[in-house]
Amino acid sequence: MTENNGTQVSSQGNGNVQSRVGVRASMKTHSDKQQPVFQPYIEANWIGNSKNMGATMNDVSIEQRGSKNIAEVRAGVDGQLTQRVHLWGNVGQQMGSESYRDTSAMIGVKVTF
């Protein structure tokens with residue numbers, strides 16, 4: 001790809017294979033017959049990438065180091081408000097070598113018809 005200013009840009013890491021192995025502990029707040037049902041959880045994962053991601057701009061390479069082996073901790077809650085409405089949310093922290101860090105948060109709603 002060529003930017004408007006003439007810089008040649010290409011991506012690195014094509015063909016990456018990502019694997020994830022982890023454990024999750026959770027519990028339900030009510031029995032299956034009562035609404036709403038909330039399920040808080042905590043999980044720990046190992047994420048492995050076969051390649052580092054990066055970009056090349058005019059023959060200068062920039063690579064994201066420390067992301068080949070990542071430890072992840074995540075806490076969240078899955079909720080079923082009604083038969084048709086589900087909610088979820090979580091916060092997570094990823095840590096890798098060479099000071100790699102990533103913090104994320106996600107919320108979602110699913111409504112079925």
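1. Strands here are DSSP runs of E of at least two residues, numbered from the N terminus, and two strands pair if DSSP finds at least two bridges between them. On that basis, 5 strands form an open sheet with antiparallel pairing, in the order 2-3-6-7-8. Strand 2 (18-26) and strand 8 are the edge strands, each pairing on one side only. From one strand to the next the twist averages 20°, where axes are lines fitted to C-alpha atoms and angles run from 0 to 180 degrees between N-to-C directions.

2. This is a predicted model, in which local features need pLDDT of at least 70 and side-chain atom pairs count only at pLDDT 80 or more, while totals for chains, interfaces and linings use all residues. Residues are numbered from 1 along each chain as its sequence is written, and side-chain values use heavy atoms, with hydrogens and water left out.

3. On confidence: pLDDT is the predictor's confidence in each residue, from 0 to 100. The protein averages 90, and 96% of the residues score at least 70. Confidence is lowest in strand 1, with a mean of 82, and highest in strand 8 (residues 101-111), at 97.

4. Glu43 stands opposite Arg74 of strand 6.

5. Strand 6 is also joined to strand 7 (residues 85-96), again antiparallel, by 11 bridges. A hairpin connects strand 6 to strand 7 through 4 residues. Among the bridge partners in strand 7 are Gln94 for Glu72 and Met95 for Ala71.

6. Ile42, Val73 and Met95 make a nonpolar surface patch of about 230 Å². Areas come from the Shrake-Rupley method with a 1.4 Å probe. Val73 lies in strand 6 and, at 41% relative accessibility, counts as partly exposed, that is, between buried (under 20%) and exposed (over 50%).

7. A second topic is the sheet of 3 strands, which is open, with antiparallel pairing and the order 1-4-5. Strand 1 (9-12) and strand 5 (60-63) stand at its edges with a single partner strand each, so one side of each has no neighbour in the sheet. The twist here averages 20° from one strand to the next. Strand 4 (residues 54-57) and strand 5 run antiparallel, joined by 4 bridges; Ala55 has Ile62 as its bridge partner in strand 5.

Definitions and conventions: Patch = residues over 30% accessible without salt bridge, like charges linked within 9 Å, V, L, I, M, F, W, Y side chains within 5 Å. Salt bridge = Lys/Arg side-chain N within 4 Å of Asp/Glu carboxyl O. Buried < 20%, exposed > 50% of the residue type's maximum accessible area, 1.4 Å probe, protein only.
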